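Welcome, and please open the structure in your viewer. We will take it one selection at a time.

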Amino acid sequence: MASESRNTAVLGQTFITGLWKENPVFRLLLGMCPTLAVTAAVKPALTMGCSVIFVLLCSNIVVSLMRKLLKPHLRILMFTLTISTFVTICDLFLRAFVPEMSERLGPYVPLIIVNCIIICRAEACASKNNLIVSIVDAIGMGLGFTMTLCVLAAVRELLATGKIFELSVMPQAFVPWAAMSMPVGAFITLGLMLGLVNTITKKKA
Amino acid sequence: MDTLTILLLGFVSIVLINNLVFTKFLGICPYLGVSGRIDMAFGMGLAVTFVVTLSGTLTWLIDHLILMKAGLEVTRYVCFILVIAGAVQLVEMYLRKFFPSLYESFGIFLPLITTNCAILGLCLFINLWEIDNLLEAVVLSFGAGIGFTMAICIMAGIRENLNLADVPKCLKGAPITLITAGLLTLAFMGFAGMIR
C-alpha cells in the first residue's frame, strides 16, 4: 500500500515537471520552430498542440515497449522512423477532418517529425522507463507544450487583431499591431515571455 | 523568362526574401544553440549547406521518380527522413576521417543536423511549391543552405559583441538572443516584395 501511494506521488511529480519545472518551451528551449510559426492565432496553436500530444503519446508508448530491442547506434533512426509513422497518421487525419486547419498549418504538421521535444522525450524518458511512466510523462510534456503555445498565441492574436478565438474583445478604439502577427512579433513576444519566466522563478528561489 | 533568370531569381529569393530562418522559422534550434562563436557558426552553416543540397536533390529525385510513379505518396515523410539521416551519416564519417578537430568541436550538434527543421522543411517546401525541374530544386536547396549560413553568421557576430553589453539581468541568455533575432527579422523584412 505504501509503495503504491509512493508510486502515485512519483507519477504526479513526473506530470507536474512537464507542466512547469521542465516546461519544454520556457525551460528547455526545445521545439522552437512550431512555437514561433503557428502562434499567430489561438486556433492553429491549439490544433498544433493536440497533434503534438497525440504523436508524443504514441511514440513514447512504442519506444517504451521496444526499449530492450534498441541498438545504441541505430537509436535515433528508430525514433525518427517511429515518429514519422505517427506524424503521417496525424497529417492524414487532419487533412480529412479539419481541412482548413491542415491547409493553414501546411508543412508545419510534417515538421513535427523533427520537433526536438519528441525525440528528447523518447531518448531521455521512454527508452529508460516503463510504459506507465512514459505515458504520464508524454501527457505532462504535451500539455505543457500546448499550454505555452496557447498563451503565446493568445497574446499575439490579441495585440495583432484585438480578438481571441476570433471573438472581438478589445474596445473599438484599439489600433491593431500588424507587426505582432509577423515573424518579428513571434520572436520578441517569446523573448519577453522568457524574461518574465526567469524573473518569476528567480523570485521563488 | 529564360531558365537562367528563373534560377537566379529563385536563388536570391531563397537567400534574402524567403530566408528559411527569418520568415519560416526553420532551423531555430541550431540558430540559437550554435551561434555563440563565429567560427563554429560558419562550420555549422557549411555542414548544413552540404546536407541540405544533397538531401534536397535526392528527395526531389525519389519523390518524382519513385513515389509519384508508384503512388506511394503516403510514405513520403518516412522516405524523406531516411534520406536526410543517411546524408548526415555521410557527412559525419567524412568529417571524422578528414577533419578530426572540426568533428570534435561540433560534438553533439552534428548528429542533431538530422533533426534540423530547415532541412526537412526545405524538402517539404520544394514539394509544396511544385518545383518540377531538377535544376531548380538543386539551386533552391543550395540557396537555402547559404541563407542559413548567412543568418547564423550574422547572429554569431552580434552575440560576440552582446557579451560585452550591459543586459538586464532577467533577459540574459536566451531571451535577449530571441529579441535580437526579432530585430534582425525586422531588418530582413525590408527585402520583402523585391521579387514577385
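Which residues in α5(B) and α7(B) meet each other? Keep in mind as you look that this is a predicted model.

**First stop: two helices of chain B.** Select residues 76-98 of chain B for helix α5, then residues 117-128 of chain B for helix α7. Now show the side chains: from α5(B) come B:Phe80, B:Ile81 and B:Ile84, and they meet B:Ile119, B:Leu120 and B:Cys123 of α7(B). By class, the residues of this contact are 6 nonpolar, with no polar and no charged ones.

Next, turn the view to see how the pair is arranged. The axes of α5(B) and α7(B) are 11 Å apart, and the helices pack at an angle of about 135 degrees. Because of that angle, α5(B) is oblique to α7(B). The crossing of α5(B) past α7(B) is right-handed.

**Second stop: where the chains touch.** Bring chain A into view: 31 of its residues are in contact with 33 residues of chain B. On the chain A side, select α2 (32-37), α4 (75-97), α6 (116-126) and α8 (183-204), each of which supplies at least two residues.

**Last stop: confidence.** Colour chain B by pLDDT: the average is 84, and 97% of the residues score at least 70. Where pLDDT is low, the predicted coordinates should not be read in detail. For the complex, the predictor gives an ipTM of 0.80 and a pTM of 0.85.

Terms used: Residues are numbered from 1 along each chain as its sequence is written. Chains are lettered from A and ligands numbered from 1 in the order in which they are written. This is a predicted model: local features need pLDDT of at least 70, side-chain atom pairs count only at pLDDT 80 or more; totals for chains, interfaces and linings use all residues. Axes are lines fitted to C-alpha atoms, for helices over the stretch in contact, and angles run from 0 to 180 degrees between N-to-C directions. Helices (H or I, at least four residues) and strands (E, at least two) are DSSP runs, numbered from the N terminus. Angles under 35 degrees count as roughly parallel, over 145 as roughly antiparallel, 65 to 115 as roughly perpendicular and the rest as oblique. A crossing is left-handed if the near helix is turned anticlockwise from the far one by less than a right angle, and right-handed if clockwise. Two residues are in contact if their C-beta atoms, placed from the backbone, lie within 7 Å. Ala, Val, Leu, Ile, Met, Phe, Trp, Tyr, Cys and Pro count as nonpolar, Asp, Glu, Lys and Arg as charged, and the others, Gly among them, as polar. pLDDT is the predictor's confidence in each residue, from 0 to 100.
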